[in-house]
Amino acid sequence: MSGISDSFQRPISYLRVSVTDRCNLRCVYCMPAGGVPLAPRSEILSYEEIATVVRVAAGMGVSKVRISGGEPLVREGLAGLVRMISQIAGVDDVALTTNGVLLKEQASELAKAGLRRVNVSLDTLKRERFKEITGYDRLSDVLEGIEEAQKADLRPIKVNMVVMRGVNDDELVDFALLSREGWNVRFIELMPLVNGGGEHREFVPASEIRARISSLGELLACAPPLGNGPASYYQLPGASGTVGFIAPVSEHFCFKCNRLRLSADGKLLPCLLADEEVDLRPVLRGDASAGEIRNLILEAVASKPQGHRVMQGVVPRKRWMTQVGG
Ligand code: SAM
Ligand code: SF4
């Protein structure tokens, strides 16, 4: 299959799809406590419309699709979308990013529909703190969801922790130790709140996170390197699981960015941390041919910036993280 590359010779093979801007949590770094203005339901792409975009993108070389949100599991019938996408020729990996609250009920059905892997966002192992960070007392649901996903063979499960100084950074070692119990834990640098700017004062650079975890023993780089995404993976001595670091801010990996994002309301975003977007919805709702959709995808790829400019204080203002899918 012929693939596409952007203006900086980066091959584009990965599409992240946000299926909803709604969420059942209110993580402090993602959404204000009062929520964000939601798109009217009529503006949210149907599963058929999403599948149409994925089909055209797959014909252009996209082989990996990740479903995200908002919280994707709050949208009804998600397994139906997973089934449609997993049957598209050229797509060989369908994955999900979720807060895990509803995973217990849905893991088995999603796996049967063709979901391969799941990433669960979990920032603390402490019940009270979970409530403070997310606004809800749902830690036990998330932990049960992870167990159920393991039973459904949605592997490898990756647990993503957004590290915040003075909020949860005292749990770095506890999370890293979970890799000795077979967990794959990834530490993510806090990004400035999309749309809010914010002071970003809780940011902890990956270099510091790594140094603090090294107190447990030498971190051995996984060989061969795992995945082709933004994370670098290591193992603690004797651990069967891995410890990963994602440093979008301090060590940005834009040079190897292979992704596009489709927002729940049908905008194609070439970069998470920039405001450019290409609107697919009018074309999807008209009599669009695959060729027209393809041209819009090419337009988005052509406008992919060389890198984000967060360190220079440039942050996206148009959208919230829940609308973009992380
Ligand atoms: N609701 C799902 C979840 O939480 O996994 C999917 C959507 S969420 C927007 C996707 C990812 O973005 C999550 O792993 C979340 O931790 C991450 N995220 C959201 N805001 C962030 C921020 N300001 N900095 C770093 N990661 C962030
Ligand atoms: Fe919801 Fe995920 Fe954002 Fe938390 S990170 S508010 S779970 S969309």
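Predicted model: local features only at pLDDT ≥ 70, side-chain atom pairs only at ≥ 80, totals over all residues.

Residues are numbered from 1 along each chain as its sequence is written, chains are lettered from A and ligands numbered from 1 in the order in which they are written, and side-chain values use heavy atoms, without hydrogens or water.

Ligand 1 has 17 residues around it, the closest being Y29, G70, E71, S121 and M191; a residue counts as near if one of its heavy atoms lies within 4 Å. That shell divides into 6 nonpolar, 9 polar and 2 charged residues, with Ala, Val, Leu, Ile, Met, Phe, Trp, Tyr, Cys and Pro as nonpolar, Asp, Glu, Lys and Arg as charged, and the others, Gly among them, as polar.

Now the polar contacts, meaning pairs of N or O atoms within 3.5 Å. An N or O atom in the S121 side chain is 2.5 Å from an oxygen of ligand 1. Nitrogen atoms of the ligand lie 3.0 Å from a backbone N or O of G70 and 3.1 Å from a polar side-chain atom of E71. Of the 550 Å² of accessible area (Shrake-Rupley, 1.4 Å probe) that ligand 1 has on its own, the protein covers 94%.

Around ligand 2 are C23, L25, C27, C30, G70, N99 and T322: 4 nonpolar, 3 polar, no charged.

Last, helix α2, a DSSP run (H or I, at least four residues), spans residues 78-86, and L78, A79, L81, V82 and I85 in it are buried, that is, under 20% relative accessible area (1.4 Å probe, protein chains only).

Note on methods: Polar contact = N/O pair within 3.5 Å; in protein donor to acceptor, adjacent residues only side chain to side chain. Buried < 20%, exposed > 50% of the residue type's maximum accessible area, 1.4 Å probe, protein only. Helix = DSSP H or I, 4+ residues; strand = E, 2+ residues; numbered from the N terminus.
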